[in-house]
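Biologist: I'd like to learn how to read a protein model. Could you walk me through one, feature by feature?
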Amino acid sequence: MKNENASCCTTIDISEHDIIAAMKDIQGYLDISPGDFREVFQVAYKHALQRIWNSRMAQDIMTQPVQCLGADMDLIQAATFLAEKRFSGVPVVDTSGSLVGVLSEKDFLAKMGVGHPPLLHANCRPLPYQQGMHGDISS
């Protein structure tokens, strides 16, 4: 799914409200020198970015059209699809087009044991630690 950064591609319109909010954030009396103006501008810019991000919705940055995998697709095809599209996850639908789940990179990694401590086989148990024992640990 896409990751877009509004500040790299969007002109930020700093409103009067942003400047007033910035001036309220700055403590003390303001004698508007270039340094003070720079500080007001930087704080107003921060307010403008926050206002923009707070007004953005998922629909503003989502990938369209929706691309799905069939629930019966084999895992090699599914992994290839994710890699080719550079998606980290994708909806999975049944033959009637109903959503049945989501397949993600994390699902593949979890099934491969990545990010989880290794599991011991049911018949395995840790060997007891013996002080001063070196070399061969078989008993």
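Biologist: What percentage of the residues of the chain count as buried?

Modeller: Keep in mind that this is a predicted model. Of the chain's 139 residues, 19% count as buried.

Biologist: How many helices and strands are there in the chain?

Modeller: You'll find six helices and three strands. Going from the N terminus, the elements run α-α-α-α-β-α-β-β-α.

Biologist: In what order do the strands form the sheet?

Modeller: Here's the general idea first. Strands of a sheet pair through backbone hydrogen bonds, and the pairing can be parallel or antiparallel. In this model, three strands make an open sheet in the order S1-S2-S3, with mixed pairing. Strand S1 (69-70) and strand S3 (99-104) are the edge strands, each pairing on one side only.

Biologist: How many bridges join S2 to S3, and do they run parallel or antiparallel?

Modeller: Strand S2 (residues 89-93) and S3 run antiparallel, and five bridges join them. To see one of these, look at Gly 89: its bridge partner in S3 is Ser 104. S2 and S3 also form a hairpin with five residues between the strands. In that hairpin, Gly 97 takes a positive phi near 90°.

Biologist: Which helix lies across S1, S2 and S3?

Modeller: That's helix H5, residues 75-85, which runs at about 135° to S2.

Biologist: Which residues make up the largest nonpolar core?

Modeller: Again, the idea first. In soluble globular proteins, nonpolar side chains tend to be buried together. Here the largest nonpolar core has eight residues: Leu 69, Ala 78, Phe 81, Leu 82, Phe 87, Val 90, Val 92 and Leu 103. H5 and S2 are the elements that give two or more residues to this core. The largest share, three residues, comes from H5. Apart from this core lies another one, of five residues, including Ile 26, Val 40, Val 43 and Ala 44.

Biologist: Which charged end sits over the ring of Trp 53?

Modeller: That one belongs to Arg 56, whose charged end is 5.2 Å from the centre of the ring.

Biologist: One more residue, then. Why does Glu 105 count as partly exposed?

Modeller: Glu 105 counts as partly exposed because its relative accessibility is 43%, and the class covers values between 20% and 50%. Glu 105 is found in helix H6 (residues 105-111). Not counting residues up to four places away in sequence, Glu 105 touches Phe 87 and Ser 88.

Biologist: How far apart are the C-alpha atoms of Glu 105 and Leu 82?

Modeller: They're separated by 8.1 Å, although the two residues are 23 residues apart along the chain.

Conventions. Residues are numbered from 1 along each chain as its sequence is written. This is a predicted model: local features need pLDDT of at least 70, side-chain atom pairs count only at pLDDT 80 or more; totals for chains, interfaces and linings use all residues. Side-chain values use heavy atoms; hydrogens and water are left out. Two strands pair if DSSP finds at least two bridges between them. Helices (H or I, at least four residues) and strands (E, at least two) are DSSP runs, numbered from the N terminus. Contact means heavy atoms within 4.5 Å. Axes are lines fitted to C-alpha atoms, for helices over the stretch in contact, and angles run from 0 to 180 degrees between N-to-C directions. Buried means under 20% relative accessible area, exposed over 50%, partly exposed in between (1.4 Å probe, protein chains only). A charge sits over a ring if NZ of Lys or CZ of Arg is within 6 Å of the ring centre and within 35 degrees of the ring normal. A nonpolar core is a set of buried Ala, Val, Leu, Ile, Met, Phe, Trp, Tyr and Cys residues joined through side-chain atoms within 4.5 Å.
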